[in-house]
Amino acid sequence: MSRFPVENIRNFSIIAHVDHGKSTLADRLLELTGTIDKTKNNKQVLDKLQVERERGITVKAQTASLFYNCEGKQYLLNLIDTPGHVDFSYEVSRSLSACQGVLLVVDANEGIQAQTVANFFLAFEAQLSVIPVINKIDLKNADPERVVKQIEKVFDIPSDECIKISAKLGTNVESVLQAVIERIPPYAGQVGYLIAGMKDVTEAQIGDTLYLHKQPVEPLPGFKSAKPMVFAGMYPVDQSEYNNLKSAIDKLTLNDSSVTVHRDSSLALGAGWRLGFLGLLHMEVFNQRLEQEYNASVILTTPTVPYKAVLSSAKLIKEYREKEITIINPAQFPDKSKVTEYLEPVVLGTIITPVEFTGKIMMLCQARRAVQKNMVFIDQNRVMLKYLLPLNEIVVDFYDSLKSLSSGYASFDYEDAGYQTAELVKMDILLNGNIVEELVTIVHKDKAQTVGKAICERLKDSLPRQLFEIAIQAAIGSKIIARETVKAYRKNVLAKCYGGDITRKMKLLKRQAEGKKKLRKIGNIEVPKDAFIKVLKTQTDK
Amino acid sequence: MTLPGARAGAWAAAARAAQRRRRVEGAGRSPRPVTRSQRAALYVHWPYCEKRCSYCNFNKYIPRGVDEAAMRSCLVTEAQTLLRLSGVQRVESVFFGGGTPSLASPHTVAAVLEAVAQTAHLPADSEVTLEVNPTSAPASRLAAFGAAGVNRLSIGLQSLDDTELQLLGRTHSARDALRTLAEARRLFPGRVSVDLMLGLPAQQVGPWLRQLEELLRRCDDHLSLYQLSLERGTALFTRVQRGALPTPDPERAAEMYQEGRALLREAGFRQYEVSNFARHGALSTHNWTYWQCGQYIGVGPGAHGRFVPQGAGGLAREARIQTLEPDNWMKEVKLFGHGTRKRVSLGELELLEEVLAMGLRTDVGITHQHWQQFEPQLTLRDVFGASEEVNRLLEQGLLLLDHRGLRCSWEGLAVLDSLLLTLLPRLQEAWQQKTPSPVPGG
């Protein structure tokens, strides 16, 4: 490495919207430079994680060093492959700070999408050179000229700077390498890694400045820690696995510093954590990695968002030592009488969609308490909408709904937009008049009925019948807003019990009696442990 | 229907054997009092059927050809062996079940009964029941069974609706069944039982009650009502699972049961067990043995038994099951005299649990005297009187605990299996806490 003069080194990254082909481009560049064997069928080589290969996405930024000869000189090109998904923008920005230029890949058919815009601005703000690369020109519907015009209009980059390629077929990829050398400036320095003798996983903090022993330096400008957008409770399936899960979470969060970790506990599920993620995909990928790489199986509870409350009660202010508190666990929700106002996190969402879906998407956003901030036509086919959305309205299935409404063509990105006043209420769930602690939920006043009804229905399906009726109610204060009933058993006795049936029946009865011992009693009602889990758990409808 | 000569001859021989038996009984007529362990009911399993009903998961086989003689010989052998093994001196009832026992020859029935009578005492008035399938039982055949020693019939009617009968995969029509019923009543007045099913897929309460009412106009003094239980592996289960048939509605089934039993009560029937109704005292003494935890010997492939093998010096009551597959069973019987596949000794607590679970299925429940025979140290009040949960059930009127004993109320009987989930653990606790009996010589 050290034999390379600094002016022959290029540090660059590939950025793009999801699925526009940056990983394929990386494959081709690796092949072209002889870094990997061309004869092998190379597909998304840098996507090493199982979860990446299964989902076809890049999660972790991988790095490769390429050697390239151009006009008699040998160059060292350090390439950083990055994720395209909105949730992983933190990974993207980390990689960019180590680069001097980027290849901005845009699909020749899809054109500029939400992440294209977002990533461009990340690079632009970091003052990096941007080389636009229009990909997938081999496809039937490709319209590179249209995309060139978009790039000119939206990013103000002259059309002759666009390089048109097919990463899949390798067409014109060589020009990309040349552009990297010509248009991306060299820098004094290299990216690399070192081996440290640290004992505890938490000692290694991202953003720390390392210095030679006894030669302290000024710390480098640090990173802002990534802001979690979505919280979920994570509990071991059984308390005996707590330690395993703890160690797995510690290791995985070392690798992924954008996950925030708080210890938490639930009456139903025992000791666990409330983890903060950058988005739903981030959370799902984290969970999948936990299972695949650490063999941990967990119970995920419904994602919640960090609400805030401005306290009015002097007593509480003293107790919490501040006036404005963040509420992560619904059980901590302070009563209305002790609060001046409640606040909920909001985001500024950018949706880019083909024109024909605009109406449906606007209706979807309206249903999610969104306020339109802007609407702009990118070209004659597509419109960009900006909405101010409460975060809790998008943490569950907003993205999926958007995709299905638009047959997959709409794209979505969002950024933190602070907090806004919200009429939040605490909703209790009661069984025959007894409050169930584990199921208390914080919800916006307008959504209370829908959410309450859904919880009551899920509970109805998961509670076994008893010898008396069970009234399931959702309540705000003393007002009942939703109700379901589990009818009492009218008949529960084996029809035939003769000589040949007795052994089997006794076995069954004894097994059921054993199972009954493990039931929790709420009032007179016997509740199996998994009844609440079924209600709290994220519904997998993939 | 005229019979081939050989068979007629065999039947006549069987009838004569039965007559001999009755005469012998009539003679020395003062049976010594017999203790519990010297008595047993006898169950005989005929495993063959013409076809498999869509809901059935019993041990039954559709054979290509039945070697009746071989089967008969094995049933006889096993009956004798097990009777000797059990040391039983008096057989109080015999039940021919299956399969379709009415497909067997009356000669086989006679042969088994004769063997029993020779090995132990079989009182002349002991209940001998044969399960009957309407298709395979024309009047003349029923008469032949009667001559062979059968004195009670249980007819698998199941439904009076032909569409339902097809759904169940039965081989007869409603008319066939009613005709068989009428003929049976003529031959065995007051001794005929019919089975009716409820809770079939798509069945409605009104139409089912009308079936019951029609049946009431024509039936004898005993009825069994059985809620359909969909068993995994049956054709009916598969059809429901596929969505070809609706899942039976448990609410509707519960209503049918409640309305049905009330109707039968008004018609003068005593619901003496969860599914069994009788008037004029026409209870099944054989089945009563099961619920009272008496001894019973199971003969034939897959038959179950519970008895103390006193004849072999055993002291503990055992749960036994005979080899399921008929051909294998026959081989074993020929080699060893019986084809017992499994024997498990029942512990004291296990037996008490059975006494509790079976006894509560009857209307009289468990009397104090009955309980004492199995558990001399702890009374029912000792076990259940102090339990808060049990008291709640008593307060709710589902259970009764009084000077007679412990039993379900009318409402409680319908939800017995839920009650047992409270009662069984309570019994376990009480039994484990009981002071152990002093060690002799200690």
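**Is Arg321(A) buried or exposed in this predicted model?** Arg321(A) is exposed, at 75% relative accessible area. Exposed means over 50%, buried under 20% and partly exposed in between, with a 1.4 Å probe and protein chains only. Arg321(A) sits in the loop between α9 (314–320) and β12 (324–327) of chain A. Helices (H or I, at least four residues) and strands (E, at least two) are DSSP runs, numbered from the N terminus. The phi of Arg321(A) is near 65 degrees, a positive value in a residue other than glycine.

**Arg369(A) in a loop of chain A.** This loop runs between α10 (358–367) and β14 (371–377). Arg369(A) is not a glycine, yet its phi is positive, at about 60 degrees. Arg369(A) counts as buried, with 16% relative accessibility.

**Ser154(B) in strand β4 of chain B.** The strand spans residues 152–158. Ser154(B) is buried, at 9% relative accessible area. Leaving aside neighbours within four places in sequence, Ser154(B) is in contact with Thr129(B), Leu130(B), Glu131(B), Val132(B), Ser193(B) and Asp195(B). Contact means heavy atoms within 4.5 Å.

**Helix α14(A) against helix α17(B).** Axes are lines fitted to C-alpha atoms, for helices over the stretch in contact; angles run from 0 to 180 degrees between N-to-C directions. The two helices are therefore roughly perpendicular, a term for angles of 65 to 115 degrees. Residues making the contact include Leu509(A), Ala513(A) and Lys516(A) from α14(A), and Asp417(B), Leu421(B) and Pro425(B) from α17(B). The contact residues divide into six nonpolar, three polar and five charged. Ala, Val, Leu, Ile, Met, Phe, Trp, Tyr, Cys and Pro count as nonpolar; Asp, Glu, Lys and Arg as charged; the others, Gly among them, as polar.

**The interface of chain A with chain B.** The contact takes 28 residues from chain A and 43 residues from chain B. The chains bury about 3300 Å² between them, 56% of it on carbon and sulfur atoms. Buried area is the accessible area (1.4 Å probe) that two parts lose on being put together, summed over both. In chain B, Glu251(B), Asp417(B) and Leu421(B) lose the most area to chain A, together 19% of what that side buries.

**Notes.** Residues are numbered from 1 along each chain as its sequence is written, and chains are lettered from A and ligands numbered from 1 in the order written. In this predicted model local features need pLDDT of at least 70, side-chain atom pairs count only at pLDDT 80 or more, and totals for chains, interfaces and linings use all residues; side-chain values use heavy atoms, without hydrogens and water.

Definitions and conventions. Parallel < 35°, antiparallel > 145°, perpendicular 65-115°, else oblique.
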